[in-house]
Amino acid sequence: MSQAVTNLAASAPPPLVSLTEDEVLFRDTVRQFADESVRPYVKEMDEKGVFEHKIIEQFFQLGLMGIEVPEQYGGGGGTFFEAILAVEELSRVDPSAGVVVDVQNTLVNNALLRWATEEQKKRYLPRMCSDTVGAYALSEAGSGSDAFALQTKAELKGDEYVLNGQKLWITNGKEAGVFILLATIDPAAGYKGITAFIVEKNFPGFTVGKKEDKLGIRASSTCELIMEDCRVPKNNVLGEVGKGYKIAIETLNEGRIGIGAQMLGLARGAWEFAVKYAQERKQFGRAIGEFQGIQFQIAQMATEIEAARMLLYNCARMKDAGMNFVKEAAMTKLYTSQVAERVASLCVEIYGGYGFTKDYPVEKFFRDSKIGKIYEGTSNMQLQTIAKLVMGK
C-alpha cells in the first residue's frame, strides 16, 4: 500500500472550518450512533423501502429531532451548525437517515421557530422534540420548480379553513404527524394568495396517499397527501394569511444547506469505502491503491469533498451569524450535489464489477446521490439564483 493512500485514509476527514470542543463532541457522538445503531439496518431498509421505527425513536431520545429548539420547548437549544453536523454524519452511513433529521430541523422546526405564534410554539415544538415527525408540503403535480403554481385551495368557513387538493413528493410523509402545508386562499392572486398552515395527520379530510417507489433514499418515505374538505382550525395558520410565499422561500434557503450536508455525508461515506477497498483489492500482485491511477482518483475525490465541506460549513456559520446566505446556500446545494454524484460514481468504478452489485455499499450511495440535484430546488434553479445574485439582475 502506498504512503499516499495510507495518509488519505488516516486523515478522513479533518474539518477545514474549525469546530469548538462541544461541536466535536456532538459530531463524534452522532457519528458513533450512526455507525453502531443505523448502519446495521441500512441494507434491509433500502431493500424493503421502509425506515426502521426504532431508529426514529432513538433520534428523539438523542435530541436529534429538536437540535435548535430552545430548551423551554423541550429542545436542545443548539445551533443550526450542529444540525448540519448531525445530517452530515448520519448521511455518511445512510442518506435516508440524514434526510429524516434534516427535514425535521432545517424545514419544519425552523419554520415553527421563525413564524409560529407563541401559542403555536408551546403546542407543537415540544411534540417535535419528543415524539412527532414533521414534513414540509409544498410540491404538487403541476408545481415543482414553479413552486407558486400550486392549486391546493384553502377556503375560510367560520373558524376553520377547508383545504382541497393534492401534494406530491412529500418527504417523511408516512412517518409525519405534523405538516407545514402550503395552499392558496385565492388562485387569482398568484403568490400573494399562498398561505402556510400547520396540519395534523388526524385532521378530518386529511389522508396520506401512496408511497413512491424510488431509485434512491428508498427508506425515506416520499408520499402524496390528499386533502378532501380537510378542516384546519383558523388559528393553525402559520405566519400571516397570504404570506406563505415568504415562509416557503426563506425556509427552503435554509433547507438547501441541509441537503448540502446530506450530500457531503454521502460523498464521505462512499469515499471511505473506496479507500478501504483500494487497500484490500489486489490485482497484478499488489493492492490497487498502489497504482497511481487509483491514487489520483482518490486524491481528486478527497479534494472535492474538502472543498464541499468548506462551502457547507461556511454557509451554516453565516446562517447562525444572521448574515445573508441565500447565494451561498444555492452554491452549497449545487456544488455538494455535483460532488456527491461524481464521487459516488467514481467509487463504483474503483470497485469495478463488484461496485455494480448490491452486495457492496457504493451502489446504494450512487443511487442515493441523484436526488441531490433534484429536490429542494433543482440544480438549474440554483444556477438561476446564483446568476441573479452575482450579476445583480
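Arg367 and Asp46 are both buried in this predicted model. These two side chains form a salt bridge, with their closest N and O atoms 2.8 Å apart. Trace the chain and you'll see that the partners come from distant parts: Arg367 sits in helix H11 (residues 362-369), Asp46 sits in helix H3 (residues 42-48), and 321 residues separate them. What's behind a pairing like that? Side chains of opposite charge can pair when their charged atoms come close.

Now look at Arg268 and Glu88, which meet in a salt bridge at 2.9 Å, N to O. Arg268 belongs to helix H8 and Glu88 to helix H5 (residues 80-93), so this pair ties together parts that lie 180 residues apart in sequence. Both of these residues are buried.

Asp213 and Arg218 make another salt bridge, with the closest N and O atoms 2.6 Å apart. Here Asp213 is exposed, at 67% relative accessibility, while Arg218 counts as buried at 19%. Some salt bridges share partners, and one network built this way includes Arg31, Asp35, Glu88, Arg268 and Glu306.

Next, the nonpolar side of things. The largest nonpolar core has 116 residues, and Phe59, Leu90, Leu112, Leu163 and Val199 touch the most other members. Helix H8 (residues 244-280) gives this core its largest share, 16 residues. Beyond its sequence neighbours within four places, Val199 contacts residues including Leu163, Phe179, Phe206 and Cys230.

And the cysteines? The structure has 0 disulfides. Take Cys223: its sulfur is 16 Å from the closest cysteine sulfur, in Cys230, so the two are too far apart for a bond. Cys223 is buried, at 1% relative accessibility, and Cys347 is buried at 0%.

Terms used
Residues numbered from 1 in each chain as written. Predicted model: local features only at pLDDT ≥ 70, side-chain atom pairs only at ≥ 80, totals over all residues. Heavy atoms only, no water. Disulfide = S-S within 2.5 Å. Buried < 20%, exposed > 50% of the residue type's maximum accessible area, 1.4 Å probe, protein only. Core = buried A, V, L, I, M, F, W, Y, C linked by side-chain atoms within 4.5 Å. Helix = DSSP H or I, 4+ residues; strand = E, 2+ residues; numbered from the N terminus. Contact = heavy atoms within 4.5 Å. Salt bridge = Lys/Arg side-chain N within 4 Å of Asp/Glu carboxyl O.
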